[in-house]
Amino acid sequence: QRQLTESGGGLAQPGDSLRLSCAASGLTFRIYAMGWFRQAPGKEREFVAAISRSGGSTDYADSVKGRFTISRSNAKNTAYLQMNSLKPEDTAVYYCAAHLTAYSDRTYFSADEFDHWGQGTQVTVSS
């Protein structure tokens, strides 16, 4: 059974850092590009960050560029999202997603392109 499991969410104060993890099981992690999305209450799900199969290419939403870093360990079947300088507007449920691809250095931004999703982890930024 292909499964993605997020962890690392929680309550943070503005300016704090959190690191989210996405552990993959039941799939060949190294052939999947990965992405992080988020959904705040009453809002559409939005793209946050993406990383290619190889880890050599990354992309970010403008709202998080310079503050968030996506990475992956193919040896550990895990993707990460390091979130620094958190803001209240970062409050959302964060989801990781996997896209099966033949391209080692391509990233993907559209939720429709992703094949597998985690259950989400809540991040709340509040003073």
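A disulfide is a pair of cysteine sulfur atoms within 2.5 Å. The structure shown is a predicted model, in which local features need pLDDT of at least 70 and side-chain atom pairs count only at pLDDT 80 or more, while totals for chains, interfaces and linings use all residues. Residues are numbered from 1 along each chain as its sequence is written, and side-chain values use heavy atoms, with hydrogens and water left out.

**View A. The disulfide between cysteine 22 and cysteine 96.** The structure has one disulfide by the rule above. In this link, cysteine 22 and cysteine 96 are joined with an S to S distance of 2.0 Å. The link is right-handed, with 60° about the S-S bond. Because cysteine 22 belongs to strand β3 (residues 18-25) and cysteine 96 to strand β9, the pair ties together parts that are 74 residues apart in sequence. Strands (E, at least two residues) are DSSP runs, numbered from the N terminus. Cysteine 22 has 0% relative accessibility and counts as buried; cysteine 96 is likewise buried, at 0%. Here buried means under 20% relative accessible area, exposed over 50%, and partly exposed in between (1.4 Å probe, protein chains only).

**View B. The salt bridge between arginine 38 and glutamate 46.** A salt bridge is a side-chain nitrogen of Lys or Arg within 4 Å of a carboxyl oxygen of Asp or Glu, and the structure holds four of them. In this pair the closest N and O atoms are 2.5 Å apart. Arginine 38 is buried, at 4% relative accessibility, whereas glutamate 46 is partly exposed, at 34%.

**View C. The salt bridge between arginine 38 and aspartate 90.** The two side chains meet at 2.9 Å, N to O. Arginine 38 lies in strand β4 (residues 32-39) and aspartate 90 in the loop between β8 (78-83) and β9 (92-100), so that distant parts of the chain, 52 residues apart, are linked. Both residues are buried.

**View D. The salt bridge between arginine 67 and aspartate 90.** The closest N and O atoms of this pair are 2.7 Å apart. Since arginine 67 is placed in the loop between β6 (58-60) and β7 (68-73), and aspartate 90 in the loop between β8 and β9, the pair ties together parts that are 23 residues apart in sequence. Arginine 67 is buried, with a relative accessible area of 10%, and aspartate 90 is buried at 0%.

**View E. A network of salt bridges.** Arg38, Glu46, Arg67 and Asp90 are linked in this network.

Key. Helices (H or I, at least four residues) and strands (E, at least two) are DSSP runs, numbered from the N terminus.
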